[in-house]
Amino acid sequence: MNDHRISRRSFLAAAGIAGAAAALTACGGAASSTAASVASSAAASSQAAQSVELIVFAAASLTETLTAIGETYSAKNPGVTFRFNFDSSGTLKTQIQEGADCDLFISAGQKQMDQLDIIASADVNKDRLDFVDSDTRVDLLENKVVLCVPEGSDKGIDSFDALAEHLKAQDILFCMGNSDVPVGQYTQKILACYDLDEEALAAAGVITYGSNVKEVTTQITEASVDAGVVYCTDAFSAGLTPVDEATKEMCGQVIYPAAVLKAAPNAEAAKEFLAYLQTDRAATVFEGVGFSAV
């Protein structure tokens with residue numbers, strides 16, 4: 001009988017072992033739960049760290065192509081989204097100068113980029129502004145300046161030579177970009193090439209203006225003017241067929257510089273995107289609307 005009896009000491013010992021085992025099991029469950037929680041938090045933090053909204057300031061003539069490229073880039077780089085600001089390069093330059101957040105600036109002219117680049121000539125960067133990371137600056141694209149007329153026009157404006165004759169006769173309404181807009185500056189050079197006085201023509205009501213190239217393009221497509229000067233890429237996007245193309249001698253090369261800004265909120269991500277814009281894949285999109293590599 002004594003052999004089958006469990007002593008109090010044996011019972012307590014057994015209970016202690018069982019309790020310890022239960023405690024270990026409970027601790028193991030808690031540890032597992034804690035580890036899972038930590039892993040989940042780490043994954044969430046990693047995802048948050050990888051999520052970035054790139055702020056890109058770009059010339060209005062890049063609206064369609066850059067939007068399309070941004071969508072492709074986001075699809076291949078989950079977590080990267082874009083906030084595009086498309087306008088005239090002069091307007092964008094002013095916004096950056098006034099402190100607007102911007103990661104990447106793509107201008108339709110060298111002048112606006114130079115005005116923000118401390119290593120540029122003091123003749124251009126007169127205020128010695130220092131916003132551009134010069135090490136990242138590249139000449140990204142080349143565009144062409146073209147003459148367009150509304151569909152079905154009967155004015156006989158089929159070349160820059162013909163445009164010049166009509167402007168001298170003051171019998172048409174011509175649209176060009178403002179003087180602070182690259183396309184307007186290129187147009188000024190074309191007018192000067194033909195010895196045309198812009199101020200006199202504007203005073204005579206022969207010239208009207210657009211604050212960016214998209215506004216000039218719209219006035220042509222809506223036939224509110226008889227002719228206008230835009231980029232070939234904007235003509236393509238609007239379904240316009242250029243009647244003439246300006247030569248390098250008439251207005252120089254139309255180069256689009258790009259650079260990451262020194263105060264970029266997402267500098268590294270911006271550099272990666274700028275590198276992508278120089279790939280063959282991006283070039284295919286740019287070339288599809290009339291841009292070319294420099």
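A residue counts as buried when its relative accessible area is under 20%. The legends below describe a predicted model.

**View 1. Helix α6 and its buried residues.** Helix α6 covers residues 182-193 and has 12 residues. From the first C-alpha to the last, α6 reaches 17 Å, close to the 16 Å expected at 1.5 Å a residue. Its buried residues are Pro182, Val183, Gly184, Gln185, Tyr186, Thr187, Ile190 and Leu191. After α6 comes Asp195, which has a positive phi near 55°.

View 2. Ile190 lies in helix α6. With a relative accessible area of 3%, Ile190 is buried, because the limit for that class is under 20%. Leaving aside residues up to four places away in sequence, Ile190 touches Val145, Phe160, Ala246, Met250 and Cys251. Glu249 is 59 residues from Ile190 in sequence, yet their C-alpha atoms are 9.1 Å apart in space.

**View 3. The sheet that contains strand β1.** This open sheet has 5 strands in the order β2-β1-β3-β10-β4, and the pairing is mixed. Strands β2 and β4 (138-143) stand at the edges with a single partner strand each, so one side of each has no neighbour in the sheet. On average, neighbouring strands of this sheet are turned by 20° against each other, with direction ignored. Helix α2 packs on the sheet and touches β1, β2 and β3 (104-106). The direction of α2 makes about 175° with that of β2.

**View 4. Strands β1 and β2 and the crossover between them.** Strand β1 (residues 52-59) and strand β2 (residues 80-87) run parallel and are joined by 8 bridges. Within this pair, Ala58 stands opposite Phe86 in β2. The chain passes from β1 through helix α2 (residues 63-76) to β2, a β-α-β crossover that is right-handed.

**View 5. Strands β4 and β10.** Strand β4 runs antiparallel to strand β10 (residues 254-260), and 5 bridges join them. Asn143 is found opposite Val254 in β10.

**View 6. The sheet that contains strand β5.** Here 5 strands form an open sheet in the order β7-β6-β8-β5-β9, with mixed pairing. Its edge strands, β7 (207-210) and β9 (244-245), each pair on one side only. Strand β5 (residues 145-148) is antiparallel to β9, and the pair has 2 bridges. Leu147 stands opposite Asp244 in β9.

**View 7. Helices α5 and α8 on the sheet.** Helix α5 (residues 160-169) lies across β5, β6 (174-177), β8 (227-231) and β9. Its direction is at about 60° to β5. Helix α8 (residues 213-221) lies across β5, β6, β7 and β8, running at about 140° to β8.

**View 8. Cys148 and Cys232.** How many disulfides does the structure hold? There are 0 disulfides. The cysteine sulfur closest to that of Cys148 belongs to Cys232, and at 9.3 Å it is too far for a bond. Seen from Cys232, the closest cysteine sulfur is that of Cys148, again at 9.3 Å. A disulfide would need the two sulfur atoms within 2.5 Å. Are these cysteines buried or exposed? Cys148 is buried, with a relative accessible area of 0%. Cys232 also counts as buried, at 15% relative accessibility.

How values were computed. Residues numbered from 1 in each chain as written. Predicted model: local features only at pLDDT ≥ 70, side-chain atom pairs only at ≥ 80, totals over all residues. Heavy atoms only, no water. Pairing = 2+ DSSP bridges. Helix = DSSP H or I, 4+ residues; strand = E, 2+ residues; numbered from the N terminus. Right-handed = clockwise from strand over helix to strand, strands pointing away. Contact = heavy atoms within 4.5 Å. Axes fitted to C-alpha atoms, helices over the stretch in contact; angles between N-to-C directions. Buried < 20%, exposed > 50% of the residue type's maximum accessible area, 1.4 Å probe, protein only. Expected span 1.5 Å × (residues − 1).
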